[in-house]
Amino acid sequence: MALEVRPCADKDEFRRAVDAIAQYFGPPLTEERIDRFSRVLDVSRMHAAFEDEVIVGGAGAFSFDFAVPGGSLPCAGISVVGVFPTHRRRGALRAMMDAQLLDVHERGEPIAALWASEETIYGRFGYGLASWCGEITVPKEWSAFARPLERRGRARLVTSEEARELVQPVYDAVWRERPGMFARTPEWWELRTLRMPEEEAATPKRFVVLEHDGTPQAYGIYRSHPKFEDAVSKGRLEVLEAFGTTPQATAEIWRFLLDIDWSATVEMELLPPDHPLFMLLAHPRRARYRMYDGLWVRLVDVGAALSGRKYAAEGGIVFEVRDAVCPWNESRWKLEDGAASRTEEAAELALDVEALGSAYLGAVSFAQLGDGSRVEEFAEGAVGRADALFGWRPLPWCPEIF
């Protein structure tokens, strides 16, 4: 039977499309959950695959203002992609991803990004592994800093209602400087970041704000997971977010979190490899950092995406880009003086759009891509010049899975 893919027309179609992935990970969706989710992911941005009016799959996209090196761009944050187990291997995923990319292109979003539940799924749709992240577990006895820290601010616990006004300016200062982060809408703050779910009442979110001269400079969101063995605390402190607007503020908020009583370990996920905590700790080895893939990025409009970020060096280079899914990208592109345009000049590097997505945020080098047989070099030294252009610090970081 033929599949039809189109955006959801109403809340009922939205619920059935989201259930294509939600059924694998939790209890049945309630109306309250669907109402809440539709406030952060618009119904019209949820594509559904229909077979005889029965929804057999879904694929959604958030609308993000997304940080790229030196600026920000509109971005489709791909999420809740799934197919019902009755319709595996029948082309539903391919049809949805193709339709979604066309929709993203028509909306004028030059890039798309996602977290991959399995790392073999999205490369064939042009998404490239573009950032790294990892988890830490810091034992309390190994949480000392390498250098003495002079405390200059005052930390205080606040309610979720108070936190909204106090922490958003800190986050807004941070996300613009770190590729891979995105602006949070008021709905996102209310329904995702600061929300206190009833199902988590036993381990509620707690909010701490660090102020210097009465101005918020850092904040942390954490949960305590108490546990005792043989009358000794074996509790975990789970850090959900910790941001500072300056190195001093970042150090102070982490010192506060590491010093909280009744926690044998302090844990956090999704930290980038260049996180300042690794240089703050006297024993970074004891944090047991475990790294894995983070964001995957897709250049939907190669010219607009390349022209929309800054570069670390002057000069130019000519790419031959292959793109089997978005044919409008297939071309030779000349990047020069921070702008990209089509050209008839000879290509110096040739690569799939997936590989260009990997290099886009600055975490994956063209040298690495070349070593992995992802790039062809036609002009001597082209890989080195591309790395000089695209390299960026800080490394990309998305602190939450969307």
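View 1. His275 lies in the loop between strand E14 (265-271) and helix H7 (277-280); helices (H or I, at least four residues) and strands (E, at least two) are DSSP runs numbered from the N terminus. With a relative accessible area of 4%, His275 is buried (under 20% relative accessible area, 1.4 Å probe, protein chains only). Its side chain reaches the backbone nitrogen of Leu277 at 3.0 Å. Not counting residues up to four places away in sequence, His275 touches Trp254 and Trp397 (heavy atoms within 4.5 Å). In this predicted model, local features need pLDDT of at least 70 and side-chain atom pairs count only at pLDDT 80 or more, whereas totals for chains, interfaces and linings use all residues. Residues are numbered from 1 along each chain as its sequence is written, and side-chain values use heavy atoms, with hydrogens and water left out.

**View 2. Aromatic pairs of Phe64.** Phe64 and Trp188 form an edge-to-face pair, 5.7 Å centre to centre with 75 degrees between the planes (ring centres of Phe, Tyr and Trp, its six-membered ring, within 6.5 Å; planes over 60 degrees apart for edge-to-face). Phe64 belongs to strand E3 (residues 54-68) and Trp188 to helix H5 (residues 186-193), 124 residues apart. The rings of Phe64 and Phe402 are also edge-to-face, with centres 5.1 Å apart and planes at 80 degrees. Phe402 sits in the segment after helix H11 (382-390), 338 residues from Phe64. Both Phe64 and Phe402 are buried, and Trp188 is buried as well.

**View 3. The aromatic cluster.** Phe14, Phe37, Phe62, Phe64, Phe182, Trp188 and Phe402 form one aromatic cluster.

Definitions and conventions. Buried means under 20% relative accessible area, exposed over 50%, partly exposed in between (1.4 Å probe, protein chains only). A polar contact is a pair of N or O atoms within 3.5 Å; within protein, one must be able to donate a hydrogen and the other to accept it, and residues adjacent in sequence count only if both atoms are side-chain atoms. Rings of Phe, Tyr and Trp (its six-membered ring) pair if their centres lie within 6.5 Å; planes under 30 degrees apart count as stacked, over 60 as edge-to-face and the rest as tilted.
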